[in-house]
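Biologist: Here is a model I would like to go through with you. Please set each label against its definition.

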Amino acid sequence: MNPVKHDARRLPSLDGLRAVAAMMVVFAHCQATQGWPDWRLLNEAIKTASGFLGVQVFFVISGFIITRLLLLEKLDAGAVSLPRFWSRRFLRIIPPLAVYLLCLSLLKAQGAVSLTTLSQVGSLFFFRNHLPEADGLNAHCWSLSVEEQFYLAWPFCVAFLQLKHLRTVALTVMVISLVARTATNALGGTEWRWLIYHADCLMAGALAAIWLQEKGFEVIKPLKRSGIIWHFVGLMGMLILSRACATNLSRFFAPIQPTFVAVFVAWWILRLVSVREGVTYAILNTRVAIWLGAISYSTYLWQQLVSAPAKSWHHGTPWFAHFPLNVPMCIVAGALSYYLLEKPLQNLRRRWDAWMGIKSKTLPTAPVEPAGN
C-alpha cells in the first residue's frame, strides 16, 4: 500500500487521523438510528471506539496544528498576527456552521424538528457547551464551542510567551484539567462539556508542537526503536479506558481517560509527521483517508442531522436518516459543504495571502526513516 503524494500545504497523516475520528463519531451516532442491527459485537466495538473518543482525537489534532502554525509564523515573521489568525478561523469555521444552523431553523419553521432559539444562538456564538441541553440537532456544537474558546485564549500565550514558558503553561493546564475532572467526578458532577474538562487534550497537542519546535524531528528518536510496542500498549490502553467509561466503572476511569488519550495521540502525531514510512502511515495517507479527512469538519457538522434518531423527527424519520444509508449520506453532505463552501473560502484566503505577500505556513519535510510499525 503506497501513500499518495501530499499537498505541500498540508501535514501528512493528520487528514487520515481526522478521517478516523470523524467516522468514529458518525458510526457512534448512527447506532441510535432506525435500521441499526442489534449485533452485540458491533455495538461493543462502537462503545469502545466511541464518538466521544473521536472528539478527543480531534481536540489533540487541533491543539497540535494551531500551535505549530502559530509557532512557525512567530519564527518566520517575528510575531503572531492575532487578527489574521482569527479572521482565518472565522472563514474556516463560521460559514459552514451558519449554513447548517440555517438548515435546522428552516426545518423547525416547517415543524419537522424541535429546537430552542438559545441553543441555536449558543451554537453560532460558541457557548453551546455551557447550555444545559445535552441533546438535539445542534448538540454536537458543544465541541466546536470548546475549540473556539481555545482559539480565543491560547494564541495570546503563543504570541507573547517564550517556548519554555509556553511548555510550563501547557503542562500546568493539563494538570488543572485532570484535577478539575477528578474533583467534579468526586462531587457527583456529570457535566463534562466545559473547556477546562478537555483542555488536556488540546494542551497535549500543543505540547507536541512545542517540543517539535524546540528539538526538531529528533524529538521522537527515543520512541522509534519500540514503535510496535508503544503503538500496541497505547492503543489498547486507550480503547480499554474508553470502554470502561461506558460501564459502571466510569466513575473511576472517566477522570484519567482523557489525559491518557491526550498523551498517546500527541505522541502518535509526532511519529506520524516525523517518521514517514510504515503500515500506519501508509493507511492514513491513502487517497480515501486524505479525502475523508479534508471533508471531516463538514462531515462532523452534517452527521448530527443525517444520523439523528427517530425521536428527533416530528413526522417520521426521513429516508436519509435510516441506517445504513445514513453513513454514505453523512459523507455526501460533508462533501457538498466542503466543495461548495469550505474549498472556495480556502482558495479565497490563499489568494488574499498571496496578494498580501503572506507565505503559507507548512511543516518542514522530515527525513524519511523506517517507522517500525
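Modeller: Start with a definition: buried means under 20% relative accessible area, exposed means over 50%, and partly exposed lies in between (1.4 Å probe, protein chains only). This is a predicted model, where local features need pLDDT of at least 70 and side-chain atom pairs count only at pLDDT 80 or more, while totals for chains, interfaces and linings use all residues. Residues are numbered from 1 along each chain as its sequence is written, and side-chain values use heavy atoms, with hydrogens and water left out.

Biologist: What makes α1 mostly covered?

Modeller: Of the 17 residues in α1, 14 are buried.

Biologist: How do you know that the length of helix α1 agrees with what its residues should span?

Modeller: The expected span of a helix is 1.5 Å times one less than its number of residues. Helix α1 covers residues 14-30, and its 17 residues should span 24 Å. The end C-alpha atoms are 24 Å apart, so the two values agree.

Biologist: How many helices and strands does the chain have?

Modeller: It has 16 helices and 0 strands. Both are DSSP runs, numbered from the N terminus: helices are H or I with at least four residues, strands are E with at least two. Buried residues make up 53% of the 373 residues.

Biologist: Why is Thr-33 called buried?

Modeller: Its relative accessibility is 6%, so Thr-33 counts as buried. Thr-33 sits in the loop between α1 and α2. Leaving out residues up to four places away in sequence, Thr-33 touches Ser-307, Ala-308, Pro-309, Ala-321, Phe-323 and Asn-326. Contact here means heavy atoms within 4.5 Å.

Biologist: Why is Phe-127 called partly exposed?

Modeller: Phe-127 has 29% relative accessibility, so it counts as partly exposed. Phe-127 lies in the loop between α5 (117-124) and α6 (141-160).

Biologist: What does Phe-127 touch, not counting residues up to four places away in sequence?

Modeller: Its partners are Leu-118, Val-121, Gly-122, Ser-145 and Gln-149. Phe-127 and Ser-145 are 18 residues apart in sequence, yet 5.6 Å apart C-alpha to C-alpha.

Biologist: What makes a nonpolar core?

Modeller: A nonpolar core is a set of buried Ala, Val, Leu, Ile, Met, Phe, Trp, Tyr and Cys residues joined through side-chain atoms within 4.5 Å. The largest one has 95 residues, and those with the most contacts inside it are Leu-17, Phe-64, Trp-154, Val-265 and Ile-269. Helix α3 (residues 51-77) gives the most to this core, with 12 residues. Setting aside neighbours within four places in sequence, Ile-269 is in contact with Leu-14, Leu-17, Val-60, Ile-61 and Phe-64.

Biologist: Why is Ile-229 counted as exposed?

Modeller: At 56% relative accessibility, Ile-229 counts as exposed. Ile-229 is in helix α10 (residues 227-244).

Biologist: Which residues form a nonpolar patch on the surface with Ile-229?

Modeller: They are Trp-230, Phe-232, Val-233, Leu-235, Met-236 and Ile-240, and with Ile-229 they have about 700 Å² of accessible area together. Patch residues have over 30% relative accessible area and no salt bridge; like charges are joined within 9 Å, nonpolar side chains (Val, Leu, Ile, Met, Phe, Trp, Tyr) within 5 Å. Accessible areas come from the Shrake-Rupley method with a 1.4 Å probe; for residues, only the protein chains shown count as cover.

Biologist: How do you know that Arg-243 forms a salt bridge with Glu-44?

Modeller: A salt bridge needs a side-chain nitrogen of Lys or Arg within 4 Å of a carboxyl oxygen of Asp or Glu. In this pair the closest N and O atoms are 2.8 Å apart. The pair links distant parts of the chain: Arg-243 is in helix α10 and Glu-44 in helix α2 (residues 40-48), 199 residues apart. Arg-243 counts as buried at 18%, whereas Glu-44 is partly exposed at 27%.

Biologist: What ties Arg-84 to Glu-73?

Modeller: Another salt bridge, with the closest N and O atoms 2.6 Å apart. Arg-84 lies in helix α4 (residues 82-109) and Glu-73 in helix α3, so the pair ties together parts that are 11 residues apart in sequence. Glu-73 is buried, with a relative accessible area of 7%.

Biologist: How many salt bridges are found in the whole structure?

Modeller: The search finds 6.
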